[in-house]
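Dear colleague,

I am passing on the structure below, and after it you will find my notes on what turned up when I went through it. Please read them alongside the model.

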Amino acid sequence: MLKVGLGYDIHRLKRGRRFLLGGVELPFPKGEDGHSDGDVLAHAVSDALLGASGLGDIGELFPPSDSTWKDADSMALLRDVFARVKQSGWKIVNLDCVIICEKPKVLPYRDAIRKSLAEALEVSVDCIFLKGKTAERLGAVGKGKAVEVYVVCLIEK
Ligand code: MG
């Protein structure tokens, strides 16, 4: 059986926060605001996997109203999600991710991010791909006020 999942997330960018993508910190004066560490890619990957496996969503599993998740390491949350997905008998076939932000450039960090996600999800790096796009200066993302991510995943059992 094959199942596909779609994950989406957006976070405001704020000075003094770390810019994290899939557990990798990109050097930039601003980073994702959020209740957790704000790792927008870790959140979208988590939701894609949860959606495909029908196990819920991250807002439900790790509610921002619960202080347990304040400043949470989003890669730890992703590993928790992956453990649930694996426990249900699913294997990851592949993930494809789109990161949309004006700055910083994602390409120089692409392979580091792929490696970080691959380690967390116990798959080889070639099962994970990602690319950076800009929003052509349109809307909040285009004005550099936010970073947005889409992820699709395929899982099988
Ligand atoms: Mg989020």
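How many residues does α4 have, and how far does α4 reach from its first C-alpha to its last? Helix α4 has twelve residues and reaches 16 Å between those two atoms, close to the 16 Å expected at 1.5 Å a residue, where the expected span is 1.5 Å times one less than the number of residues. Helices (H or I, at least four residues) and strands (E, at least two) are DSSP runs, numbered from the N terminus.

Before the details, please note that this is a predicted model, in which local features need pLDDT of at least 70 and side-chain atom pairs count only at pLDDT 80 or more, while totals for chains, interfaces and linings use all residues. Residues are numbered from 1 along each chain as its sequence is written, and side-chain values use heavy atoms, with hydrogens and water left out.

The sheet

Five strands form an open sheet in the order β4-β1-β7-β5-β6, with mixed pairing; two strands count as paired if DSSP finds at least two bridges between them. Because β4 (30-32) and β6 (128-133) stand at the edges with a single partner strand each, one side of each is left without a neighbour in the sheet. On average, and with direction ignored, neighbouring strands of this sheet are turned by 20° against each other; the axes are lines fitted to C-alpha atoms, for helices over the stretch in contact, and angles run from 0 to 180 degrees between N-to-C directions. The pairing of β1 (residues 2-15) with β4 is antiparallel and extends over three bridges, and within it Lys-14 stands opposite Gly-31 of β4.

Strand β7 contains Ala-146, which counts as buried because its relative accessibility is 5% (buried means under 20% relative accessible area, exposed over 50%, and partly exposed in between, with a 1.4 Å probe and protein chains only). Leaving aside residues up to four places away in sequence, Ala-146 touches, among others, Ile-10, His-11, Arg-12, Leu-13 and Ile-100, contact meaning heavy atoms within 4.5 Å. Between the C-alpha atoms of Ala-146 and Lys-157, eleven residues apart along the chain, the separation is 36 Å.

Helix α4 (residues 110-121) lies across β5 and β6 and runs at about 140° to β6. Its buried residues are Ile-113, Arg-114, Ser-116, Leu-117, Ala-118, Ala-120 and Leu-121, and what covers them includes β2 (19-21), β3 (24-26), α1, α3, β5 and β6. One of these residues, Arg-114, counts as buried because its relative accessibility is 13%. The side chain of Arg-114 makes a polar contact with that of Asp-111 at 3.2 Å; such a contact is a pair of N or O atoms within 3.5 Å, where within protein one must be able to donate a hydrogen and the other to accept it, and residues adjacent in sequence count only if both atoms are side-chain atoms. Not counting residues up to four places away in sequence, Arg-114 also touches Val-125, Asp-126, Ile-128, Phe-129 and Leu-130.

The metal site

Asp-9 (OD), His-11 (NE2) and His-43 (ND1) coordinate the magnesium ion at 2.0 to 2.2 Å, and the donors follow the spacing D-x1-H-x31-H along the chain. Donors are N, O and S atoms within 2.8 Å of the metal (3.2 Å for Na, K and Ca), and since water is not among the atoms, sites may look incomplete. Both Asp-9 and His-11 are buried.

Backbone points to check

Most residues other than glycine have a negative phi, and most peptide bonds are trans. Asp-71, in the loop between α2 (58-61) and α3 (74-87), has a positive phi of about 55° although it is not a glycine, and with a relative accessible area of 46% Asp-71 is partly exposed. Glu-122, in the loop between α4 and β6, likewise has a positive phi, near 55°, and is exposed at a relative accessible area of 54%. The peptide bond from Lys-103 to Pro-104 is cis, with omega near -5°, and Pro-104 has its place in the loop between β5 and α4.
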